[in-house]
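Me: I'm new to reading protein structures, and I'd like to know where the labels come from. Could you walk me through this one?

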Amino acid sequence: MALLCAPKLSSILLLQTHQHHLLFHSQTSTTSFSSSFLFNRDYSSSLVCHAKKKNLTFFDQILDYIEGGPKLRKWYGAPDLLSKDDSNKEDEEDDDYPEDEIRDAVLVTDGDSEMGQMVILSLIVKRIRIKALVKDKRAALEAFGTYVESMAGDTSDNRFLKKALRGVRTILCPNEGFLSNVGSLQGVQHIILLSQLSVYSGKSGIQSMMKSNAKKLAEQDESVLKSSGIPYTIIRTGAFQDTAGGNNGFTFDQGCAASGSISKEDAAFVCVQALECVPQSGFIFEVANGQNQVSDWKQCLTALMEKPNQ
């Protein structure tokens, strides 16, 4: 099967720059990431040092891209950043929604985690309508502007959950724990779960004890998902690596998640590709970095879906 890893964003940005006369390395950026956002790879400092770096990673380039400021927001079709008063008014809106509302958004849970941010950045490039659950709404607004509808609240509160799910077609869970503690997901048409269960199950000794809670959450999430009645995709990845994405191919062999590893950026990229392949009921597959180069992700995932025991 012919496979191409995550495309280099530089070529995408270059094309869009020619088309829209935009600079993706803005000298007058108006957005910045709050310190409350998690950057295990020191993303916050990388934003300051971009001008000095020659080799930017896939997601560093996306960060530069969305920091284009008001010109980019105008090109994208988004309004200026909301004022504090405007954001409060949003929270007070009526929560009576029509049954036949258009569902075209992707809701990203844990939107202020490192993996959640990587998923969001990939979604922004694909121009998908994004909603995100975050702990700090203002910090998220400053980080992503109006490309993302950020929401902060208690998902065990049915009123907040109903509001968060308004217009949502797909829920994308980049971390464990959301599905285990949430109420009704009525109206959602597809749920994607990024799972490290195979990695946790392969741990032993002290490592097993350290990951016992994460393993329990992963098991609960998968169990809830399988009994939800909503079409779902569970992506069991190899151990996460803090390496640049787009440099390696992939493998989908059985057992690769337990024995292999994958760049966090590549894992986020695979999650977004799974949006285009909605199963009739449930679909589980394993993925790690490997030698296969994927040229058509929809065809690749459809083929995996049709395999027995998937």
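Predicted model: local features only at pLDDT ≥ 70, side-chain atom pairs only at ≥ 80, totals over all residues.

Me: What makes strand β2 and strand β3 count as paired, and in which sense do they pair, parallel or antiparallel?

Reply: Residues are numbered from 1 along each chain as its sequence is written, and side-chain values use heavy atoms, with hydrogens and water left out. Now the strands: two strands pair if DSSP finds at least two bridges between them. β2 (residues 129–133) and β3 (residues 148–151) have four bridges, in the parallel sense.

Me: Which unit do β2, α7 and β3 make, and what does its handedness refer to?

Reply: Together with helix α7 (residues 137–144), the strands β2 and β3 make a right-handed β-α-β unit. To check the hand, point the strands away from you: the crossover is right-handed if the path from the first strand over the helix to the second runs clockwise.

Me: How many strands does the sheet have, and what makes β3 and β8 its edge strands?

Reply: The sheet is open and has eight strands, in the order β3-β2-β1-β4-β5-β6-β10-β8, with mixed pairing. β3 and β8 (249–251) are the edges, as each pairs on one side only. From one strand to the next, the twist averages 25°. Helix α14 (residues 297–306) packs on this sheet and touches β8 and β10 (282–290), with its direction at about 120° to that of β10. Contact here means heavy atoms within 4.5 Å, and the angles run from 0 to 180 degrees between N-to-C directions, with axes fitted to C-alpha atoms, for helices over the stretch in contact.

Me: Why is α7 described as largely enclosed?

Reply: Here the word to know is buried: under 20% relative accessible area, with exposed over 50% and partly exposed in between (1.4 Å probe, protein chains only). Six of the eight residues of α7 are buried, so the rest of the structure largely encloses this helix. Those residues are K137, A139, A140, L141, A143 and F144.

Me: What caps the N-terminal end of α7, and how do you know that it is in reach?

Reply: D136 is the cap: one of its side-chain oxygens lies 3.2 Å from the backbone nitrogen of R138. A polar contact is a pair of N or O atoms within 3.5 Å; within protein, one must be able to donate a hydrogen and the other to accept it, and residues adjacent in sequence count only if both atoms are side-chain atoms. Just after α7, G145 has a positive phi of about 60°.

Me: How many residues of α13 are buried, and which residue caps this helix?

Reply: Ten of the ten residues of α13 (residues 264–273) are buried, so this helix too is largely enclosed by the rest of the structure. S263 caps its N-terminal end, with a side-chain oxygen 3.2 Å from the backbone nitrogen of E265.

Me: What makes T233 buried but S223 partly exposed?

Reply: T233, in strand β6 (residues 232–237), has 1% relative accessibility and so counts as buried. Its contacts, leaving out residues up to four places away in sequence, include H190, I192, C277 and F285. S223, in helix α11 (residues 212–226), has 46% and so counts as partly exposed.

Me: What makes the phi of D110 and R127 worth a look?

Reply: Most residues other than glycine have a negative phi. D110, in the loop between β1 (105–108) and α6 (114–125), has a positive phi of about 55° although it is not a glycine. R127, in the loop between α6 and β2, has a positive phi near 60° and is not a glycine either.

Technical notes: Helix = DSSP H or I, 4+ residues; strand = E, 2+ residues; numbered from the N terminus.
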